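Please open the model in your viewer and keep the selection tool at hand. The stops below are meant to be taken in order.

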Amino acid sequence: MGRLRILLVSDLHGSSAAYGKLSNAIKFYRADVVVFAGDLTGKALVPIVRDDGSFSLGSGVSKYLVNVFGDVKAVGDKDLDKVIKDLRGRGYYPLVTDKAGYEELAGNRDRVRETFVKLMINALEEDLGKVVTRYREAGVKLLVMPGNDDYPEIADYVKKNASDVLVPIDEDVVEFNGYYFLGFGYSTPTPWNTPREVSEEELRARVEKLIMDVDQSRLGKLIMVLHDPPYNTLIDQAYQLSKDFKPVVRGGEVLRNHVGSKSVRALIEGYSPLMGMHGHIHEAPGIDYVRSNAGVKVPVINAGSEYSEGVLRMAYLIIEDNKLKNYFLLRG
């Protein structure tokens with residue numbers, strides 16, 4: 001079997017800056033396929049409320065109040081485009097409205113959700129569209145799935161926009177160059193009650209059902225793309241949080257906990273796939289190995305994420321003869 005070069009990314013969370021870098025990545029890293037292991041969209045809608053008249057900064061100049069998690073600042077017309085670009089680069093969804101529109105939105109949770117999803121899809125069409133266009137020119141496929149933070153409407157959007165370049169893999173098995181990519185973008189429960197969470201038991205049952213669709217004699221060519229990383233590895237260590245979701249610090253160091261999925265680990269131990277590709281835990285990029293019940297050391301990789309800084313983290317993986325021959329963790 002020939003060589004397969006894979007570029008792994010995850011958890012871009014709507015950052016237009018990170019998506020822009022992803023669209024350009026294949027200029028610098030020759031890949032046969034790019035795998036996007038979940039969490040395509042951002043987490044917050046940011047209202048930009050327009051005030052005129054007595055609140056104007058000058059004659060005929062509007063003042064906009066930008067509220068980012070309680071941090072309110074005023075900007076003028078000439079700075080508005082820059083503010084919007086900065087917010088999109090960090091993975092937020094700016095919404096320019098007036099006071100009446102803001103008050104109407106604030107009093108209607110269903111309307112907030114509807115507006116939020118609409119902004120997500122509009123941004124995804126633009127950001128992912130650029131990636132698909134560049135990859136089509138380069139002859140590279142993008143295997144993609146939503147993650148636990150993505151709304152069901154985003155999962156539907158990905159499926160509906162399947163093409164010669166964009167290949168949905170969530171709850172599916174896709175063959176590429178003789179290898180099988182199994183995708184599952186849901187996570188086990190988190191403190192934030194995100195849109196796509198399942199129990200450990202359900203995760204294991206649904207992934208195992210997908211594994212059964214693969215010729216069992218070819219599991220050595222199976223690549224598990226599971227958003228949740230396996231429990232008790234180097235790539236599932238998240239910052240420990242207090243009850244008010246603040247990092248717990250002792251001796252000047254932020255404490256960490258293993259928060260990965262025990263079912264993901266059990267599946268890897270039980271079926272000895274070629275490799276596991278994961279995301280979910282932004283602060284735990286790296287590679288580790290899970291020893292299967294058959295005695296095979298299965299590599300598991302998390303590219304990590306720094307989307308809010310506009311940084312693209314990637315893992316460049318080279319497979320030869322059904323084995324991970326080399327890997328590089330990249331940041332740009």
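What follows is a walk through a predicted model, one selection at a time.

**Stop 1: the six-stranded sheet**

Begin with the open sheet of 6 strands, whose order is β8-β7-β2-β1-β19-β20 and whose pairing is mixed. At its edges are β8 (166-168) and β20 (323-331); each has a single partner strand, so one side of each is left without a neighbour in the sheet. From one strand to the next, the twist averages 25 degrees.

Next select residues 33-36, which are β2, together with residues 141-144, which are β7. These two strands run parallel and are joined by 4 bridges. Which residue of β7 is the bridge partner of V33? It is K141. As background, strands of a sheet pair through backbone hydrogen bonds, either parallel or antiparallel.

Helix α1, residues 16-28, lies across β1 (4-9), β2 and β19 (313-320). Relative to β2, α1 runs at about 160 degrees.

**Stop 2**

Select D149, in the loop between β7 and α5 (152-160). Is D149 buried or exposed? Its relative accessibility is 15%, and the limit for buried is under 20%, so D149 counts as buried. Show its surroundings: leaving aside neighbours within four places in sequence, D149 is in contact with H13, D39, T41, K43, T194 and P195.

**Stop 3: the four-stranded sheet**

Move to the open sheet of 4 strands, ordered β5-β4-β3-β6, again with mixed pairing. β5 (71-76) and β6 (92-98) stand at the edges with a single partner strand each, so one side of each has no neighbour in the sheet. Direction ignored, neighbouring strands here are turned by 25 degrees against each other on average.

Select β4, residues 63-68, along with β5: the two run antiparallel and 6 bridges join them. K63 stands opposite G76 in β5, and V66 stands opposite K73 in β5. β4 and β5 form a hairpin with 2 residues between them. In the turn, F69 has a positive phi of about 50 degrees.

Then select residues 99-106, which form helix α3. This helix lies across β3 (44-51) and β6, and runs at about 120 degrees to β6.

**Stop 4: the largest pocket**

Where is the centre of the largest pocket? Select P191, W192, A238, L241 and E283, the closest to it of the 28 residues that line the pocket. The volume is about 900 Å³. By class, the lining has 11 nonpolar, 11 polar and 6 charged residues.

**Stop 5: V298**

Finish at V298, in strand β18 (residues 297-302). V298 has 0% relative accessibility and therefore counts as buried. Not counting residues up to four places away in sequence, V298 touches I268, S272, P273, L274, M275, G276, D288, Y289, V290 and S292.

Terms used:
Residues are numbered from 1 along each chain as its sequence is written. This is a predicted model: local features need pLDDT of at least 70, side-chain atom pairs count only at pLDDT 80 or more; totals for chains, interfaces and linings use all residues. Side-chain values use heavy atoms; hydrogens and water are left out. Two strands pair if DSSP finds at least two bridges between them. Axes are lines fitted to C-alpha atoms, for helices over the stretch in contact, and angles run from 0 to 180 degrees between N-to-C directions. Contact means heavy atoms within 4.5 Å. On a 1 Å grid over the protein atoms alone, a cavity is a set of points where a 1.4 Å probe fits but cannot get out, and a pocket is an open set with protein on both sides within 12 Å along at least five of seven lines; lining residues have an atom within 4 Å of a point. Grid points are joined across faces, edges and corners, and a volume is the space filled by probe spheres set on the points. Ala, Val, Leu, Ile, Met, Phe, Trp, Tyr, Cys and Pro count as nonpolar, Asp, Glu, Lys and Arg as charged, and the others, Gly among them, as polar. Buried means under 20% relative accessible area, exposed over 50%, partly exposed in between (1.4 Å probe, protein chains only).
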